[in-house]
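Biologist: Could you take me through how a sheet, a helix pair and a division into domains are read from a model?

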Amino acid sequence: MSYAESLICLNCGTKYDLGWYFQGCRSCATDEFISNLTVDYNYEKVKETLTHELFNQSRKLWGYEDLLPVGNKNNFVSLGEGDTPLIKAERLGEKLNFPNLYIKNEAMNPTMSYKDRLASVAVSKGLDLGASRTVVSSSGNHGSAASAYSARAGLECLVFTLASAPKVMVSQMKAYARNVVAVSSSEGRWTLMKKCVEELHMYPLSTFTTWPTGNPYGVEGYKTIAYEIFSQMGGTTPDFVFVPVGYGDGLYGIWKGFHELTQLGISKSVPRMVSVETSAGAPLHEAYRSGSNRIRKVAMKHSTAAFSIMTSVCGFHALYALKQSSGLSCALDDREILNAQSDLGRLEGLAPELSSAASVAAVNQLISEGEVDRDSRVVCILTSTALKQIDANPEWSLPPIVVDPDWEKVRSMIESPRQNITEKA
Ligand SMILES: [Zn+2]
């Protein structure tokens with residue numbers, strides 16, 4: 001059963017019931033700041049009933065139902081999300097001279113991204129709250145997950161996307177949702193979505209406010225990544241967890257999962273969280289680096305192929321998680337991310353979306369800057385798959401060389417040390 005009790009503001013502590021609150025805390029909101037709400041639980045009661053065996057092995061998401069905010073089991077909407085592999089990246093670790101590098105492969109979720117964890121919990125809570133239609137604003141993974149889980153729940157989903165969204169991402173959204181609309185500006189999507197929520201009472205599955213406050217119930221789904229990592233590492237906590245960051249839901253949710261394990265007396269420590277953004281625009285990195293308690297909107301400096309983490313704003317909850325965990329932040333160029341993506345493919349057999357590979361690129365950068373010790377245990381979250389953005393890596397886009405079935409020619413090609421037979425010269 002769920003032990004969720006209320007929503008609570010991360011900034012001022014104001015409590016709200018577990019109702020229809022998707023625009024953050026109104027008690028402490030100003031023109032330039034809105035704080036995120038988060039779900040609070042009766043942790044004393046959880047402690048009384050919880051067995052430590054719950055964390056002895058990794059489970060599917062709803063295996064952790066006590067620590068999720070959905071009261072009615074009949075409303076659990078599942079496509080088999082969670083319990084994704086944690087892989088030790090030995091060859092890549094060797095290249096980086098970094099022996100304890102682990103990859104959490106979230107592309108193994110039903111719509112191939114970690115957003116499924118958010119969508120599963122958010123849509124289930126929507127059924128609890130009596131939602132009849134859903135709405136989401138997304139240029140990619142979030143839209144696919146939201147529309148898939150809405151379909152699974154029998155709810156019609158309206159998706160506001162961007163004309164610039166990759167074709168594969170849009171096709172995937174259309175596979176699950178009849179109504180996918182491309183809007184000409186990013187902020188315009190939020191204005192339209194707000195109208196849908198306020199005037200048509202559609203249930204929001206993503207943020208639609210200037211300062212991202214998101215769906216606080218959905219963010220709870222990300223906690224299960226922390227529970228799984230703890231189990232998969234034999235009941236221990238890594239030293240660092242690297243997370244690609246857009247609005248910051250994933251970073252905050254994963255930190256919260258680890259923090260809860262300490263609150264419940266299951267583990268003794270929380271990893272230092274590391275936020276990974278793109279140098280095109282890094283609002284969280286800039287706020288954290290300056291020591292500010294507020295995140296400001298930043299101008300995009302240039303374009304980036306890592307579009308899933310391309311954003312000029314970020315939620316306050318992400319800054320909160322960095323501060324609470326004495327975390328680190330960084331912002332990377334596309335070139336560094338592309339190199340990490342290529343290495344993951346050819347050294348580890350993993351092909352993540354470019355934005356996901358940013359987590360591994362960041363490890364490389366922070367080791368060389370001396371911020372991360374070489375004997376640390378690090379987990380990188382690979383949030384999604386390259387199949388959704390297959391043309392991002394120029395190396396992969398080259399057509400293969402065409403050969404005649406002439407064995408002598410082919411053999412000399414294979415044996416020639418200078419010839420790379422997979423690519424045209
Ligand atoms: Zn507040």
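Modeller: Before the sheet, one definition is needed: two strands pair if DSSP finds at least two bridges between them. Please keep in mind throughout that this is a predicted model.

Biologist: How many bridges join strand S1 to S3, and which residue is the bridge partner of Ser6?

Modeller: In general, strands of a sheet pair through backbone hydrogen bonds, either parallel or antiparallel. Here strand S1, residues 4–9, is joined to S3 by 5 bridges, and the two run antiparallel; within S3, Asp40 is the bridge partner of Ser6.

Biologist: In what order do the strands of the open sheet lie, and which are the edge strands?

Modeller: The open sheet has 3 strands in the order S2-S1-S3, with antiparallel pairing. Its edge strands are S2 (15–16) and S3 (37–41), each of which pairs on one side only.

Biologist: At what angle do the axes of helix H3 and helix H4 cross?

Modeller: The axes of H3 (residues 115–128) and H4 (residues 141–153) come within 9 Å and cross at roughly 40°, which is why H3 is described as oblique to H4. The crossing in which H3 passes H4 is right-handed. Among the residues making the contact are Leu118, Val123 and Leu127 of H3, together with Ala145, Ala148 and Tyr149 of H4; by class, the contact has 9 nonpolar, 4 polar and 2 charged residues.

Biologist: Into which domains is the chain divided, and how far apart do their C-alpha centres lie?

Modeller: The chain is divided into domain 1, made up of 86–112 + 218–394, and domain 2, which spans 399–425; the C-alpha centres of domain 1 and domain 2 lie 38 Å apart.

Note on methods. Residues numbered from 1 in each chain as written. Predicted model: local features only at pLDDT ≥ 70, side-chain atom pairs only at ≥ 80, totals over all residues. Helix = DSSP H or I, 4+ residues; strand = E, 2+ residues; numbered from the N terminus. Axes fitted to C-alpha atoms, helices over the stretch in contact; angles between N-to-C directions. Parallel < 35°, antiparallel > 145°, perpendicular 65-115°, else oblique. Left-handed = near helix turned anticlockwise from the far one by under 90°. Contact = placed C-beta atoms within 7 Å. Nonpolar A, V, L, I, M, F, W, Y, C, P; charged D, E, K, R; others polar. Domains from an automatic or database assignment.
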